[in-house]
Structure formats: structure tokens, C-alpha cells
Amino acid sequence: MSQWLNLSLGVNSFYKAPEDKLSDLNPYAVYGTTDLMGTGGDIIKLKRASDNAEQNFTEAELWGSAYDTFASGTTTTVTMLYDQVAGASASSNTHLEQVTASSQPSLNSSSAKSLNFTGTNDFLNSPDISTISDRPDFDGDITLATRFRSDTSSNTNYANPLFTYYQADTAGALNFVSVHSSPHRQLTTQNVSGDERFRADDFGANIRVAQVDGGWVSTTRMDRSLVSIYTSQKNRTIHASGFDAVNNTDDCGTISEGTITRFGIGGWRVQSTFKAAQQDFSLSCSCIFDRALSSDDQATLLSILDGLSV
């Protein structure tokens with residue numbers, strides 16, 4: 001089993017988590033700026049502002065001189081975040097992409113190498129996953145997880161989807177059909193009157209939420225690892241690092257896939273009463289499991305995510 005590796009650059013440091021531990025948990029899809037599955041392959045595609053050139057990067061290249069050379073004198077944005085389980089070489093509907101320049105998150109230029117999402121318009125989403133013939137049934141038990149850091153917020157009414165599985169419209173944006181009645185599940189952060197809330201949202205015929213109140217103001221940038229568990233339509237759990245797990249066992253109604261179903265990460269959702277969350281955040285990993293993780297596996301996953309810089 002690999003050991004934790006702490007690499008320091010000046011006053012900044014980042015950590016590489018033991019990828020074999022995450023592999024042992026058998027995730028369905030993994031996205032991030034660290035090669036958490038230990039494949040050695042490409043994990044991200046970036047575009048630089050100077051000439052719009054695009055390039056794939058492995059973790060070693062992203063954290064090394066290859067990125068420094070590519071981004072010298074300019075900034076970069078994300079056009080593709082590869083599903084590390086499928087592998088970048090695979091043509092997979094589970095990869096997350098963004099072709100619209102104004103909606104592409106940027107890469108943190110610090111040693112953390114996390115992704116920066118503005119709450120006004122940045123998002124990444126997958127093609128239609130309902131076309132994948134051999135994928136699991138996400139109407140049943142699933143787990144979502146993420147490693148993120150919240151930034152400033154100018155809107156306290158709407159939550160940021162740190163990872164969501166949702167029924168999409170045909171526009172391909174991070175939009176939901178029929179707003180609250182749209183079947184989807186999401187792991188979110190929300191700022192309410194200066195308090196950070198972590199939420200596991202479950203939308204069927206009704207919305208049901210398991211929520212943890214973070215107890216800190218949004219002007220204090222703090223990193224968190226979150227795990228949310230969804231068991232059929234009956235139970236949802238939110239488990240944040242440093243907090244006890246919180247459950248909600250209310251029935252939210254039927255969860256079923258629509259004609260178009262996607263994975264997504266982003267700081268906005270625009271349709272009817274859903275508006276821009278306007279809370280900026282950084283993110284270094286999001287992943288999904290096709291089952292509800294046990295308490296022991298949740299603890300293992302949180303420890304892996306806690307080891308990632310953001």
C-alpha cells in the first residue's frame with residue numbers, strides 16, 4: 001500500500017492520497033486534479049488563454065514543469081475533466097466537459113492545483129449517461145463525495161452543486177427539468193446568513209435534505225470533505241469531515257431517470273426559481289459510487305479526501 005506523500009513548495013503544500021485505498025472502495029466515477037485511481041494516464045484537459053491551445057495532462061505533468069511551460073505567461077481553463085475509472089483514452093459519457101469558454105472553471109495556479117469555480121456561470125457536465133448500457137441503476141443506492149473549499153458569497157438563497165446526478169434539459173447546461181419536481185440527487189454547499197451548510201439533496205416528487213450547519217462565516221475560506229449517502233427514496237445522509245453524520249429518513253417520492261441524465265459540477269443552475277448561487281469555490285475531487293457506503297467506508301473515503309489539497 002502506498003504511503004502519504006507531502007510535497008512542499010515554499011509556504012504552500014499539497015498531499016497526494018494513497019490511490020490504492022480509493023481503488024479498494026471501487027468507485028463508479030472519479031474526477032479530480034490528482035490521479036486518485038493511480039492509472040498514470042491523463043486526468044484533465046486544459047486550454048490556455050494566450051492562443052486557445054488545448055493539452056491533456058497526467059498528474060505528474062499537471063504538478064510539474066509540463067504545466068509550467070504550457071501556462072507560462074497566461075492563464076488556463078478546464079475543457080475536460082476525465083473520469084479516472086473509465087480512463088481518458090476511453091470514449092466515455094462519464095467524462096465532464098465544458099466547451100463554452102465563459103463557463104469553463106480555471107485551474108488554481110498555486111501548488112494546490114485545484115479547480116476554481118465562479119458562482120455566476122462556471123460548470124462541467126457529462127453527456128447523457130442514460131445511453132450507457134452497462135452502467136448501474138442510480139435510481140437506487142448511491143454515494144456522492146467531494147473535496148472543496150468555499151469562497152465568498154453574495155447570494156445566500158441558492159446552493160452550489162459540488163456534484164449532482166440529474167435529469168437534464170436538451171440545452172446541455174447544468175439545468176434541471178421542471179425545477180423541484182425534477183428527479184435528481186446532489187451534494188451541495190450553501191451560505192445562509194454567514195453560516196456554511198452542507199446538504200445532501202434528494203429531489204423526487206418532494207425535496208428531502210440532510211443538512212449539517214458548518215458554523216463559520218463565508219469570508220473564512222475553509223476546506224471540507226463531504227460524503228452523501230442516498231438509499232432508494234427513503235434515506236439520505238450527509239457526513240462532513242469534523243462533524244457527525246446527519247440523516248433524513250423522509251420519503252422524497254419516486255426517483256427515476258429522465259430522457260436525458262447527466263453528472264455535473266458547478267456554481268450555478270438557471271431555470272425558473274433556480275438562479276446563480278454566486279458563491280465561488282475551489283474543488284480538487286468529486287466522485288460517485290453505485291451503492292451506499294458503509295460507515296467504515298465513509299470514514300476511509302473522508303480520510304482520503306482530507307489528504308487532498310484544495
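A residue is called buried when its relative accessible area is under 20% and exposed when that area is over 50%. The close-up views described below come from a predicted model.

View 1. Because Asp202 belongs to strand β14 (residues 195-203) and Arg185 to strand β13 (residues 184-192), the pair ties together parts that are 17 residues apart in sequence. Asp202 has a relative accessibility of 0%, so it counts as buried, and Arg185, likewise at 0%, is also classed as buried. As a general point, side chains of opposite charge can pair when their charged atoms come close.

**View 2. Asp202 also forms a salt bridge with Arg236.** Here the closest N and O atoms of the two residues are 3.3 Å apart. Since Asp202 lies in strand β14 while Arg236 lies in strand β17 (residues 235-240), this pair ties together parts that are 34 residues apart in sequence. Arg236, with a relative accessibility of 0%, counts as buried. Elsewhere, salt bridges that share partners join Arg147, Arg149, Asp223 and Asp306 into one network.

**View 3. A salt bridge links the side chains of Asp201 and Arg199.** The N to O distance in this pair is 3.3 Å. Are these two residues buried or exposed? Both Asp201 and Arg199 are buried.

**View 4. Strand β13 is covered on both of its faces.** On one side of the strand lie His184, Gln186, Thr188, Gln190 and Val192, on the other lie Arg185, Leu187, Thr189 and Asn191, and all of these residues are buried. Because 9 of the 9 residues of β13 are buried, the strand is largely enclosed by the rest of the structure. Strand β13 runs antiparallel to β14, to which it is joined by 9 bridges, and the bridge partner of Gln190 in β14 is Arg197.

**View 5. Strands β16 and β17 form a hairpin with 3 residues between them.** How many bridges join these two strands? There are 6 bridges between β16 and β17, which run antiparallel, and in this pairing Ile229 stands opposite Thr237 in β17. Of the 9 residues of strand β16 (residues 223-231), 7 are buried, so the strand is largely enclosed by the rest of the structure. Within the hairpin, Ser232 takes a positive phi near 50°.

**View 6. Asn26 and Asn52 each have a positive phi.** Most residues other than glycine have a negative phi. Asn26, although it is not a glycine, has a positive phi of about 55°, and this residue is found in the loop between α1 (19-24) and β3 (29-32). Asn52, which is not a glycine either, has a positive phi of about 65°. Where does Asn52 lie? Asn52 is part of the loop between β4 (42-48) and β5 (54-58), and with a relative accessible area of 51% Asn52 is exposed.

Terms used
Residues numbered from 1 in each chain as written. Predicted model: local features only at pLDDT ≥ 70, side-chain atom pairs only at ≥ 80, totals over all residues. Heavy atoms only, no water. Helix = DSSP H or I, 4+ residues; strand = E, 2+ residues; numbered from the N terminus. Buried < 20%, exposed > 50% of the residue type's maximum accessible area, 1.4 Å probe, protein only. Salt bridge = Lys/Arg side-chain N within 4 Å of Asp/Glu carboxyl O. Pairing = 2+ DSSP bridges.
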